[in-house]
Amino acid sequence: MGRTANWCQDCLHYWFDYETPKTLVIPDIALGCVFRFTQLLVVLYVVGYVCVMQKAYQETDSVISSVTTKVKGFASTNTSDMEPLFWDVADYVIPPQGDSSFFVLTNMVVTSKQTQTRCPEFPGPSTTCVDDCDCIEGLSDPRGSGIQTGLCDNYSSTVQTCEVLSWCPLEIDTKLPEPALLAAAENFTVLIKNSITYPKFKFHRRNIVPHINSSYLKRCEFSHSTDPDCPIFRLKHIVSEAGEDFQEMAVKGGVIGIIIDWSCDLDSWAGKCYPKYSFRRLDDRHPVGNVAPGYNFRFAKYYKTPDEEDTRTLIKAYGIRFDVIVFGTAGKFGIVPTIVNMGAALSFLSLVPLVCDWFLLTCTRKRDLYSRHKITYLSDDAEIESMSMGTAYGTQ
Ligand SMILES: *[C@@H]1O[C@H](CO)[C@@H](O)[C@H](O)[C@H]1NC(C)=O
């Protein structure tokens, strides 16, 4: 009974104890050095990393952008079975809108004078046949060339295959022209017009920066070293900056990224805000173990023959697609992020006493004395205690 009362008294007693910090001044050179050094580290972190590198005093906004492109250049092909022999932008840029992603045709397989009739399939395990029973009328294999008619036909003097309803003659795309037909595309140029906005800061810019005048624009060509602001790019230069060979890439096609970095510091003392261009290949670049390399698609041009029959020219187009990718973040001084981030950074100063206390209680010579002084419990006979401690301090 008595013990419980005692215990209760004790716990109430501890619960209502009040703790207050007391200042101990310790004249110790090593400890002083640790103290100042730790403070210095925190201040360096705040100034060097938070302010200078992270620019934590800034508000940020991300870029909104629009891109239009215009390709220029001519090429001629000297293969007779192909039209046109002369190529301009309307022939080789598909689609023609001048989008932020544009395709330049560099190579192709042309199948001309196709009409909708019946013809034997290419020979293969599922298409060779001996008689009509091997072919199923109405079967359409997505990997085949058309819808089977149920007849078995002579593909050549030795092979028979199922007949299909399709655009005949069928396209043979197993052999690609090499070098690429439009090798001259390497000398085409593209003008990239890019306008950007940082809506939060009401900041607008174009990549045709103010100091570019129209006569410079007529003759300039982008180069990192000599013309870093010129918005006209030679396709060969783009591809080689991306680490690829244009003629090699032109054969099977591919995808190249034109990356425009608009990261800006809009504070008046930082001054400049200009686009930075870089280039990289975006599709899989390694031909080894790459089963379906490059980039291609098909399109057709339709005609009517004099005797009212529909014919078409099918083109399997290989080429390079250029994707213009714009990114960027702008920063500008703001009072709210300054206060919030400085407060957060300076709270690291509260770690300084922690480090110093640890040093004080483990590394100094008089650590026993200091640890005795660090916490004083003032009980009822505190005066006697403090007197005895005072003498102890005096004698040591
Ligand atoms: C591209 O232009 C350069 C110089 O103007 C020329 O030497 C080169 O042969 C041209 N390339 C093609 C494929 O025509």
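Student: Which helix holds tyrosine 49, and does tyrosine 49 count as buried or as exposed, or is the case in between?

Tutor: This is a predicted model, and in it tyrosine 49 is found in helix α2. A residue is called partly exposed when its relative accessible area falls between the buried limit of 20% and the exposed limit of 50%, so tyrosine 49, at 38% relative accessibility, counts as partly exposed.

Student: Which residues form the nonpolar patch on the surface?

Tutor: The patch includes Tyr49 together with Val43, Tyr45, Val47, Val52, Met53, Phe348, Leu351, Leu354 and Val355, and together they have about 910 Å² of accessible area. Two elements, α2 (29-53) and α8 (351-362), each give two or more residues to the patch, and α2 gives the most, with 6 residues.

Student: Is glutamine 114 buried or exposed, and what does its side chain reach?

Tutor: Glutamine 114, which lies in strand β6 (residues 101-120), counts as buried because its relative accessibility is 1%. Its side chain reaches the backbone oxygen of proline 169 at 2.9 Å, and proline 169 itself lies in the loop between β8 (160-168) and β9 (189-198).

Student: How should I read the peptide bonds in that loop?

Tutor: Begin with the general idea, which is that most peptide bonds are trans. Here, however, the bond from cysteine 168 to proline 169 is cis, with omega near 0 degrees, and a cis bond also joins glutamate 178 and proline 179, where omega is about 5 degrees. Proline 179, too, lies in the loop between β8 and β9.

Student: Finally, which residues surround the ligand?

Tutor: Ala183, Ala184, Glu186 and Asn187 surround the ligand, a shell of 2 nonpolar, 1 polar and 1 charged residues. An N or O atom in the side chain of glutamate 186 is 2.9 Å from a nitrogen atom of the ligand, while a polar side-chain atom of asparagine 187 lies 2.3 Å from a ligand oxygen atom. Of the 350 Å² of accessible area that the ligand has on its own, the protein covers 34%.

Terms used
Residues numbered from 1 in each chain as written. Predicted model: local features only at pLDDT ≥ 70, side-chain atom pairs only at ≥ 80, totals over all residues. Heavy atoms only, no water. Near = heavy atom within 4 Å. Polar contact = N/O pair within 3.5 Å; in protein donor to acceptor, adjacent residues only side chain to side chain. Areas by Shrake-Rupley, 256 points an atom, 1.4 Å probe, with all protein chains shown as cover. Nonpolar A, V, L, I, M, F, W, Y, C, P; charged D, E, K, R; others polar. Patch = residues over 30% accessible without salt bridge, like charges linked within 9 Å, V, L, I, M, F, W, Y side chains within 5 Å. Salt bridge = Lys/Arg side-chain N within 4 Å of Asp/Glu carboxyl O. Helix = DSSP H or I, 4+ residues; strand = E, 2+ residues; numbered from the N terminus. Buried < 20%, exposed > 50% of the residue type's maximum accessible area, 1.4 Å probe, protein only.
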